[in-house]
Amino acid sequence: MKTSEAMKVLAARRGDAIVVCALGMAANEWWAETHSDDSFYMHGAMGFAASFALGLALALPTVPVWVLNADGSLCMNLGCLLTEAGQSPRNLKHFVVDNRVYQTVGAVPMVNQGAADYVGLAKAAGIPRARAINDLTALERQLPEIVAEPGPSFTVLGVEAATGFLRTPPMTYEGPEMKYRFGRALERRLGITVFGPQGY
Amino acid sequence: MDVDARIHEELTQKCGVRLAATLPDDWVAPLIRRMGADPDVRHVPVAREAEAIAICSGAFFGGVRSVAVIGATGLLTCTGEMATLNLRHQIPVFCVVSMRGSIDDQRIYQEVQGRLTIPLLQTYGFLYHVFDRPEDLASIPDAYETCRLQKRPFIAFLTRRLVKGAHA
């Protein structure tokens, strides 16, 4: 399956989930599919979108939170699986787009390319609801169950690597605007206070 | 009231902190235990300090006030993430950190931290304040508010004299 096809299926089943995207391919493809500003698109801290999403999930325990991670990012912060398991947030779903290359920089092969068992790592870390899905039909079939199950859950999406550099363009805003668009979107949707009376 | 109890009280009662992401060194371990024992605080032990930074950043968007409690060596491991996440997106993150490598902390494995931590923070433009005496702790709420207003990392350093006592 292609990353864009997987994102289309996820977007259709997203429901009320707030989405945090790892920088690069996951963020660009999710933006291309949804143009949603109640999603946070990481622009840095590679590896730590999962931790950001965990903090958000713990702060909003009744709101579904998804993290759209990528294999390169996961490998930069494998310890996040231990922390997720330790906290066991019922509202957190962790998806990993696994194309076995660093796509953003020209499809450079990943560390331990193709041999890593991320599902095994997640299970060993203490996340029993973990699986890999490698085709679109299986994703369409299994996603409703995944959405309905309690978190934390961990789903590897085995997708095709594209050739060359990432071609899907990034979202059309960045940095501080990302902060305020995302925060204000959550305030409107959830009735929470992110920013104080003077706007910071 | 001991120093750790005071810091805990300032953070939770005055600043409204409800989530603490932590990784200990020996100076901040008692504070971490105290935060972990508070039923009103979600305690998140992490495996690497940058996780604590990102967790606090995510909690910010959920409207929850948080603190990262880490050691000075851990702080050095995550300044890149603080720059590319917190400076990049202007997300405040308040960190309580042991001020290792001071003249009264004669541990060979802290000597680099002692020389380079402050210049590094200044280079990044991260804010910091040194808490050296128990009477300084009343400024923690002002430091917390400054962190939010300045929209960037703020390091509240705890000195050896503060956490261990003047004659330790």
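Which residues of helix α1 of chain A are buried? This is a predicted model, where local features need pLDDT of at least 70 and side-chain atom pairs count only at pLDDT 80 or more, while totals for chains, interfaces and linings use all residues. Residues are numbered from 1 along each chain as its sequence is written, and chains are lettered from A and ligands numbered from 1 in the order in which they are written.

Back to helix α1(A), residues 3–12: Thr3(A), Ala6(A), Met7(A) and Leu10(A) are buried. Looking down the helix axis, these residues fall within an arc of 100°, so they line one face of α1(A). The arc is that of the directions from the helix axis to the C-beta atoms. Buried means that 20 or more other C-beta atoms lie within 10 Å of the residue's own; exposed means 12 or fewer, and partly exposed is in between, with C-beta atoms placed from the backbone. Helices (H or I, at least four residues) and strands (E, at least two) are DSSP runs, numbered from the N terminus.

The buried residues of α1(A) pack against α2, β4, α7 and β8 of chain A. Contact here means C-beta atoms, placed from the backbone, within 7 Å.

Now the sheet of chain A. This is an open sheet of 6 strands in the order β2-β1-β3-β4-β8-β7, with parallel pairing. Two strands pair if DSSP finds at least two bridges between them. The edge strands are β2(A) and β7(A), each pairing on one side only. Neighbouring strands are turned by 15° against each other on average, direction ignored. Helix α2(A) lies across β1, β2, β3 and β4 of chain A and runs at about 125° to β3(A). For these angles, axes are lines fitted to C-alpha atoms, for helices over the stretch in contact, and angles run from 0 to 180 degrees between N-to-C directions.

What about strand β4(A), residues 92–98? In β4(A), 7 of its 7 residues are buried. In a regular strand the side chains alternate between the two faces of the sheet. On one side of β4(A) are Leu92(A), His94(A), Val96(A) and Asp98(A), and on the other Lys93(A), Phe95(A) and Val97(A). Strand β3(A) is joined to β4(A) by 6 bridges, running parallel, and Ala70(A) has Val97(A) as its bridge partner. Another 6 bridges join β4(A) to β8(A), also parallel, with Asp98(A) opposite Gly158(A).

Chain B has an open sheet of 6 strands, in the order β2-β1-β3-β4-β6-β5, with parallel pairing. Its edge strands are β2(B) and β5(B), and the twist averages 20° from one strand to the next.

Next, the core. The largest nonpolar core has 113 residues, and Cys21(A), Ala53(A), Leu56(A), Cys95(B) and Ala156(B) touch the most other members. A nonpolar core is a set of buried Ala, Val, Leu, Ile, Met, Phe, Trp, Tyr and Cys residues joined through C-beta atoms within 7 Å. Beyond its neighbours within four places in sequence, Ala53(A) is in contact with Val20(A), Val65(A), Val67(A), Leu92(A) and Gly58(B).

Last, the interface: 29 residues of chain B are in contact with 32 residues of chain A. On the chain B side, the largest share, 9 residues, comes from α3(B).

Notes
Two residues are in contact if their C-beta atoms, placed from the backbone, lie within 7 Å.
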